[in-house]
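Hi,

Here is the structure I said I would pass on. Have a look at it first, and my notes follow below.

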Amino acid sequence: MTQTAPAPSFRAKTAQEPPLLAVEDLKTHFPVRKGILQRTVGHVKAVDGVSFTLNRGETLGLVGESGCGKTTVGRTLLRLVPHTSGRVIFDGQPIFDLGQKELRRLRRDLQIIFQDPAGSLNPRMRVGRIVGEPLALHGLASGRELRKRVEHLLERCGLWANAADRYPHEFSGGQRQRICIARALALNPKLIVCDEPTSALDVSIQSQILNLLRDLQVEFGLSYLFISHDMAVIHHICQRIAVMFNGKIVESGDRNQIINNPQHDYTKALLSAVPEPDPRVRKERLRYEGMRM
């Protein structure tokens, strides 16, 4: 992990250009209810005061152990789960203040790739309908034009045109994730939340998916919020890293700074958990109070 991988390229932010995404003191608390009347007796503070920015064309890695709240951050800023307090500004618009009509238009620019490709694809729908559904719902294409655009998306994501006629169960895990990526690209979004998109895949397939995401970022000018528990994956694809622990960001900065010179003890413990490829090298495993190791 001390070696520096080639930095992913992204469009530089000018001094006058505001960030594409600004998250300010975001909190998402879930009530704990007990008893016959289901009275609220407490709250689980899944996200507890998170703030960060994401520039255009950039990949920000949100990393931490399972249960730290990173997935809830991604789903909250997309309004898939309700927030408790805080603000999210996307492309100059406060997301939480938008009505349903304005939010529907904004969803063209905000997409997500889920962790489990099999669970996020409707097994009763053919791939062509799955990928083309966003285009049809937003009235952007129909008929032959819709089919043509679906086939182009599938081919761009490393599949074949007639894959549109097959069902999700006929594909491998890596191919299903390519279908999910094609669906996320359908509306030509500005930001994609990648919620552990490679954690359910074999190592060899992981690298293919990561390289595909990097190529698509350059081609379409995408910005990624990349959520993962894997420091090696984060190091490979991200320009900046934010480390989460117990619903808070404990450290953030340039990826090389975080990887090679971590300041917080939790970040050091996460890095010490990365497997060493050489079995002859013994690595000291650090622990941080409260970690689920």
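Some ground rules before the rest. This is a predicted model, so local features need pLDDT of at least 70 and side-chain atom pairs count only at pLDDT 80 or more, while totals for chains, interfaces and linings use all residues. Residues are numbered from 1 along each chain as its sequence is written, and side-chain values use heavy atoms, with hydrogens and water left out.

Salt bridges

A search of the whole structure turns up 12 salt bridges, a salt bridge being a side-chain nitrogen of Lys or Arg within 4 Å of a carboxyl oxygen of Asp or Glu. Arg156 takes part in one of them with Glu219, at 2.5 Å from N to O. Because Glu219 sits in helix H6 and Arg156 in helix H4, the pair ties together parts 63 residues apart in sequence. (Helices are DSSP runs of H or I with at least four residues, strands are runs of E with at least two, and both are numbered from the N terminus.) Glu219 is partly exposed as well, at 46% relative accessibility.

Another pair is Asp195 with Arg75, where the closest N and O atoms are 3.9 Å apart. Asp195 belongs to strand E7 and Arg75 to helix H1, so this pair links parts that are 120 residues apart in sequence. Asp195 is buried at 2%, whereas Arg75 is partly exposed at 32%. There is also a network of salt bridges linking Glu17, Arg56, Asp91 and Lys190.

The sheet

An open sheet is made of 4 strands in the order E2-E1-E4-E5, with antiparallel pairing; two strands pair if DSSP finds at least two bridges between them. E2 and E5 (93–94) are the edge strands, each with a single partner, so one side of each has no neighbour in the sheet. Helix H1 (residues 70–77) packs on the sheet and touches E1, E2 and E4, its direction making about 110° with that of E1. That angle is taken between N-to-C directions on a scale from 0 to 180 degrees, with axes fitted to C-alpha atoms, for helices over the stretch in contact.

E1 and E2 are joined by 12 bridges, and Leu26 has Val50 in E2 as its bridge partner. The two strands form a hairpin with 4 residues between them, and Gly35 in the turn has a positive phi of about 85°. On the E4 side, 5 bridges join E1 to E4, with Lys27 opposite Ser85.

Helix H5

H5 (residues 173–185) is mostly covered, with 11 of its 13 residues buried. Its buried residues pack against E6, H3, H4, E7 and H6, where contact means heavy atoms within 4.5 Å.

Around E3

Thr59 is in strand E3 and is buried at 0%. Beyond its neighbours within four places in sequence, Thr59 is in contact with residues including Leu54, Gln217, Tyr224 and Phe226. Glu58, in the loop between E2 and E3, is buried at 2%.

Cheers

Definitions and conventions
Buried < 20%, exposed > 50% of the residue type's maximum accessible area, 1.4 Å probe, protein only.
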